[in-house]
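Hi,

Here is the structure I promised to pass along.

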Amino acid sequence: MNTTIKDIIERRSIRKFKPDEVPQALIDEVIEAGLYAANGKGKQAPIIIAVTNPDLRMQIMRDNCRIGGWKEGFDPFYGAPVILIVLAPKDWPNGVYDGSLVMGNLMLAGHALGLGTIWINRAKEEFEEPAYQALLKKLGIEGEYIGIGHCALGYPDGNPPKASARRPNRVYYVS
Ligand SMILES: Cc1cc2nc3c(=O)[nH]c(=O)nc-3n(C[C@H](O)[C@H](O)[C@H](O)COP(=O)(O)O)c2cc1C
């Protein structure tokens, strides 16, 4: 099978990560793939915040847990040491589409490099909060951004889960 298609079919969401650091070169390769996602009008509007700082990771974990309504102490990032946050400008009509494609590329690239990934939600709610708007400011990011998703990244702990069977009757051919 074509290796790209094989990666697409075999990628799975990982929900248990080893705490091991991911080499910066691998993180950068994953990010590079994200930056090459197709994007509306070739505007390249989405941005990525790569979080490896343990304090910030902890803060995001706590806030994501609070927003998700879980019991304190639950890690919605399943122990992944790297969180890649994708955002898009609020005033860009293609922002959610563009950002979602970036997310897809990040997850596929992670898988292709032998890493585990998973899309973790609630970036939208996080980046509506003052602390996260302050983070953007601190990073020198001007303008208003909508959080699209977090790509948790790290080494999978254990075997990846099996894909569930594809739901039938989702394709309609018009020949
Ligand atoms: C938009 C979106 C949001 C998601 N948010 C979460 C999440 O917050 N937590 C989680 O554990 N999985 C999340 N997932 C992962 C899905 O549950 C997962 O992709 C789905 O069950 C299919 O499994 P697979 O990715 O292994 O094919 C999300 C996936 C997408 C596409």
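Predicted model: local features only at pLDDT ≥ 70, side-chain atom pairs only at ≥ 80, totals over all residues.

Cys151 counts as buried, at 0% relative accessibility (buried is under 20% relative accessible area, exposed over 50%, partly exposed in between, with a 1.4 Å probe and protein chains only). Residues are numbered from 1 along each chain as its sequence is written, and side-chain values use heavy atoms, with hydrogens and water left out.

A search of the whole structure turns up zero disulfides (a pair of cysteine sulfur atoms within 2.5 Å). For Cys65, the nearest cysteine sulfur is that of Cys151, 20 Å away.

**Salt bridges**

How many salt bridges does a search of the whole structure find? Seven, taking a salt bridge as a side-chain nitrogen of Lys or Arg within 4 Å of a carboxyl oxygen of Asp or Glu. One of them pairs Arg57 with Asp75 at 2.8 Å, N to O. Arg57 sits in helix 3 (residues 54-68) and Asp75 in the loop between helix 3 and strand 2 (82-89), so this pair ties together parts 18 residues apart in sequence. (Helices, H or I with at least four residues, and strands, E with at least two, are DSSP runs numbered from the N terminus.) Arg57 is buried at 11%, and Asp75 is buried at 16%.

The Glu129 pair links distant parts of the chain, with Arg66 in helix 3 and Glu129 in the loop between helix 5 (123-126) and helix 6 (130-138), 63 residues apart. Shared partners join Asp63, Arg66 and Glu129 into one network. Arg66 is partly exposed at 46%, whereas Asp63 is buried at 13%.

**Ligand**

- a polar side-chain atom of Ser13, at 2.5 Å
- a backbone N or O atom of Asn121, at 3.0 Å
- a side-chain N or O atom of Arg122, at 3.0 Å

The protein buries 60% of the 620 Å² that the ligand exposes when taken alone (Shrake-Rupley areas, 1.4 Å probe; for residues, only the protein chains shown count as cover).

Cheers

Technical notes: Polar contact = N/O pair within 3.5 Å; in protein donor to acceptor, adjacent residues only side chain to side chain.
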